[in-house]
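Hi,

Here is the structure I promised to pass on. Have it open while you read the rest of this email.

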Number of protein chains: 2
Amino acid sequence: MPKHIDVTELILRDAHQSLMATRMSIEDMIPACADLDQAGYWSVECWGGATFDSCIRFLNEDPWERLRTFRKLMPNTRLQMLLRGQNLLGYRHYEDHVVERFVHKAAENGMDVFRVFDALNDIRNLKCAVAAVKAAGKHAQGTICYTTSPLHTTEQFVAMAKRLQDLQCDSICIKDMAALLKPHAAYEIVRGIKESCGEDIRVQVHVHSTTGVTLVSLMEAIKAGADCVDTAISSLSLGPGHNPTESLVEMLDGTGYTTSLDMERLLNLKRYFNKVRPRYAEFLSNITGVETEIFQSQIPGGMISNMEGQLKQQGAGDRMQEVLEEVPRVRKDAGYPPLVTPSSQIVGTQAVFNVLLGRYKVLSGEFADLMLGYYGETIGPRDTALVEQAAKHAKKQPIDIRPADLLKPEWQELRTKAIEQKGCDGTDEDVLSYAMFPQVAAKFFGTRSEGPKNLGKDPNAKVVIAPLPSVVTVNGVMREPVTYDVKLNGTTHKVTVSAS
Amino acid sequence: MPKHIDVTELILRDAHQSLMATRMSIEDMIPACADLDQAGYWSVECWGGATFDSCIRFLNEDPWERLRTFRKLMPNTRLQMLLRGQNLLGYRHYEDHVVERFVHKAAENGMDVFRVFDALNDIRNLKCAVAAVKAAGKHAQGTICYTTSPLHTTEQFVAMAKRLQDLQCDSICIKDMAALLKPHAAYEIVRGIKESCGEDIRVQVHVHSTTGVTLVSLMEAIKAGADCVDTAISSLSLGPGHNPTESLVEMLDGTGYTTSLDMERLLNLKRYFNKVRPRYAEFLSNITGVETEIFQSQIPGGMISNMEGQLKQQGAGDRMQEVLEEVPRVRKDAGYPPLVTPSSQIVGTQAVFNVLLGRYKVLSGEFADLMLGYYGETIGPRDTALVEQAAKHAKKQPIDIRPADLLKPEWQELRTKAIEQKGCDGTDEDVLSYAMFPQVAAKFFGTRSEGPKNLGKDPNAKVVIAPLPSVVTVNGVMREPVTYDVKLNGTTHKVTVSAS
């Protein structure tokens with residue numbers, strides 16, 4: 001009997017987040033739910049920070065209602081979410097009671113599996129959320145953010161898994177958000193965890209496909225004993241997304257491992273999302289190929305575009321190479337944090353400051369907080385002189401306690417403020433939406449009654465205009481072009497033609 | 001010490017053949033040659049039937065001159081070509097002396113490695129070409145076309161490898177043109193060959209990436225002892241193309257295997273071809289994602305589009321499903337040939353005939369020839385009743401000898417005819433071009449002096465026009481559209497706009 005491998009489908013969360021800027025509307029998701037529910041997945045990932053944010057920011061859609069819709073339409077499959085530990089779905093640390101309340105309400109509305117991570121891999125930032133998930137009787141998945149540095153060794157990741165196991169996590173996730181996890185490392189880490197935590201510990205592997213090697217990494221992880229892997233239906237896969245679900249199924253043929261996935265359902269889903277994808281053409285990622293440069297620079301693609309934008313704003317677009325060389329130095333000074341939201345932005349912005357203004361002449365407030373321990377603990381020591389400078393700059397002392405321990409109870413205040421917003425319905429769900437994204441939620445409450453928007457467009461109604469040369473040939477005669485403004489679906493296009 | 005794995009780079013032949021209709025001009029290849037030559041490849045594949053054909057059909061370029069250019073610009077790297085056995089680069093069997101002459105002239109002009117295959121895996125069709133390569137003192141690579149059927153077993157492929165070894169081939173290639181080679185099968189076949197033919201036999205693996213699983217197959221093949229694998233620089237990889245060279249290099253990190261490739265050179269090449277690719281936008285493959293359906297249908301993507309075209313011409317576009325179900329039956333009746341040029345076209349066309357006109361009511365001439373053994377031997381028995389019908393239809397008897405044994409010496413006649421063509425320079429190279437593609441070569445001889453064409457276009461001069469809705473809004477006012485003909489770079493575009 002081949003060993004059964006579980007699969008988590010990412011199409012409703014990370015796949016469209018990575019490939020189409022998290023813009024897929026619930027209307028385009030609903031027709032896929034029956035096949036998703038019947039295909040035999042262990043879980044369907046469908047909720048997280050970006051999807052929540054996008055719902056209220058762009059789609060005028062209540063993310064809690066989205067969750068309830070999934071629960072109703074997928075009664076046979078676990079629903080899974082990504083939770084930023086003490087940050088929940090936001091960008092700051094929340095006081096423990098807010099964390100507990102959020103987890104409780106997510107569970108009540110239908111969530112089954114909570115993948116809990118912290119950008120610095122500081123276990124203390126996961127503790128409260130994991131305990132809340134356990135208290136709700138749901139599946140708590142403790143997460144290791146995978147990265148590479150002189151300090152990140154197999155032993156170190158295995159030790160972190162052991163600490164997650166000690167927190168009573170139901171499973172361990174290795175989360176490789178930058179596609180850095182190579183096949184050999186995948187094997188070693190999964191094997192190490194199994195040997196250290198016991199063969200019964202459930203290990204799940206999440207990889208992106210940017211570097212092109214990670215389907216091989218999944219194969220090696222499975223050989224090392226991984227129980228569950230993450231993939232996305234092929235029509236929303238590859239590039240900065242994930243490995244295709246159908247390829248995973250076929251890859252295992254004859255290997256002694258098998259998924260229980262129904263290929264007919266998967267191909268239904270493939271064809272369905274093949275039709276959905278072109279409707280979101282304007283949001284699709286520009287990156288479609290493979291980027292192995294990340295292995296050398298260790299800087300994820302999204303972070304590079306952020307830094308490029310910052311440099312261009314300062315009229316210093318030509319200094320990217322210096323910034324790329326500065327990032328590893330800043331990362332070392334900060335104790336080698338993984339580069340993932342928000343640490344990637346903090347390190348990247350400081351590197352830009354260093355290049356433009358001189359090394360550490362100016363510290364960003366966030367970088368000072370990172371140096372002072374206000375985001376948590378890093379794997380390596382932080383540069384002592386810089387910590388002193390940060391303390392002076394920020395006028396506060398470095399801490400070594402859990403950042404959330406400094407917070408005072410805040411639920412009542414959040415509730416009071418939320419209820420003041422026009423359109424807030426007074427439920428805990430609305431208070432939590434407000435707690436995560438105060439301004440965006442307040443605006444959303446006011447327009448909620450208009451109902452969800454679908455930003456997808458009929459691809460046949462789309463005009464794509466690339467720059468024209470200054471002179472065009474019409475029926476063989478060179479003519480000066482005439483320029484027209486074409487407004488289509490709300491966007492104005494300049495079209496330059498000569499009349500025939 | 002990690003085991004060294006050799007790599008063949010496909011960018012100058014199969015990569016642009018699979019992804020941009022073989023249209024890349026020599027002008028766009030030359031700037032890459034220094035990096036290709038210095039990167040540390042075992043060989044660079046750069047010549048084959050389609051590139052030869054495309055040179056004289058579309059690019060007004062002498063393929064022999066292209067070969068000499070490569071030889072001059074890549075003095076340190078083996079040049080490799082794909083040769084269709086007794087068919088050489090054409091679509092019919094050539095008499096032995098033509099085969100010998102072709103191989104001799106290819107070697108003389110700079111070719112080092114000859115990958116020799118036959119669409120039916122009939123060893124007799126490889127024999128003459130392999131002997132000619134050996135006589136020229138070059139590397140003869142005997143090729144197994146990989147396919148799946150009830151008769152294609154690991155044992156059968158291993159037995160074929162043994163027969164290729166007996167022909168004194170310098171290496172064995174497993175050629176997976178449809179991306180059907182799964183990881184487990186790759187391991188089993190390579191291991192089987194090594195165990196049967198000796199660990200010293202050199203095994204090379206060629207896979208396409210259409211199904212998304214074959215980088216994993218390369219990993220397994222390497223573990224089983226494969227000595228050399230084929231990849232393409234990432235900017236012309238994936239989809240119906242191949243696995244990215246950079247990903248292969250990175251995948252092996254820490255595994256006990258290594259390539260000697262210089263990553264800096266590879267990334268130079270990546271950036272270079274990233275700029276070349278958009279210039280050929282109009283020729284780029286529509287398929288960019290993963291297609292695992294091939295595992296079920298066993299029908300390669302290119303063959304499906306051919307059959308769709310045939311059905312549509314007959315106004316029967318809705319009968320594709322019937323044809324897809326008919327193909328495996330026709331393939332079985334024909335003795336399970338691999339589906340690769342020309343057998344894929346022959347089987348596909350007959351399946352279309354069967355659906356439109358009734359099963360075997362009409363036989364194509366090529367299908368009759370296939371049934372009668374005029375393409376060679378198939379792995380399975382051919383349907384007896386159909387062989388009889390084919391004999392009646394074609395008015396000839398089935399054969400079991402090597403098809404080329406029926407041919408009379410033809411060199412002198414080919415030479416005489418070639419020299420009659422205007423512009424033929426009387427060299428053996430010109431005679432061979434004429435022998436491969438008589439009409440196309442004759443036309444090319446006449447225009448050769450005009451020099452090579454570059455079909456690439458400045459992507460910034462490109463207008464992409466998608467169908468417009470019947471009414472457009474200009475500055476908020478609905479207006480009837482006006483249609484213009486815009487002729488740009490030789491193509492006429494209909495542009496429908498309202499003047500602002």
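Below is what turned up in it, starting with the ground rules.

This is a predicted model, so local features need pLDDT of at least 70 and side-chain atom pairs count only at pLDDT 80 or more, while totals for chains, interfaces and linings use all residues. Residues are numbered from 1 along each chain as its sequence is written, and chains are lettered from A and ligands numbered from 1 in the order in which they are written.

**Chain B: the barrel**

In chain B, eight strands close into a barrel, in the order E2-E3-E4-E5-E6-E7-E8-E9, with parallel pairing. From one strand to the next, the twist averages 25°. Helix H10 (residues 214-223) of chain B packs on the sheet and touches strands E7 (171-176), E8 and E9 of chain B; its direction makes about 175° with that of E8(B). Some terms: helices (H or I, at least four residues) and strands (E, at least two) are DSSP runs, numbered from the N terminus. Strands pair if DSSP finds at least two bridges between them. Axes are lines fitted to C-alpha atoms, for helices over the stretch in contact, and angles run from 0 to 180 degrees between N-to-C directions. Contact means C-beta atoms, placed from the backbone, within 7 Å.

**Chain A: around E9**

Now look at strand E9 (residues 228-231) of chain A. Four bridges join E9(A) to strand E2 (residues 6-9) of chain A, running parallel, and A:Glu9 has A:Thr231 as its bridge partner. Two bridges join E9(A) to strand E8 (residues 203-207) of chain A, also parallel, with A:Val205 partnered by A:Val229. Both faces of E9(A) are covered: A:Cys228 and A:Asp230 on one side, A:Val229 and A:Thr231 on the other, are all buried. (Buried is 20 or more other C-beta atoms within 10 Å of a residue's own, exposed is 12 or fewer, partly exposed is in between; C-beta atoms are placed from the backbone.) Why two sides? In a regular strand, side chains alternate between the two faces of the sheet.

H10(A) is largely enclosed by the rest of the structure, because nine of its 10 residues are buried. Just after H10(A), A:Gly225 takes a positive phi of about 115°.

**The core**

Which residues touch the most other members of the largest nonpolar core? Of its 287 residues, they are A:Ala129, A:Val205, A:Val229, B:Ala129, B:Val205 and B:Val229. (A nonpolar core is a set of buried Ala, Val, Leu, Ile, Met, Phe, Trp, Tyr and Cys residues joined through C-beta atoms within 7 Å.)

Cheers

Conventions:
Two residues are in contact if their C-beta atoms, placed from the backbone, lie within 7 Å.
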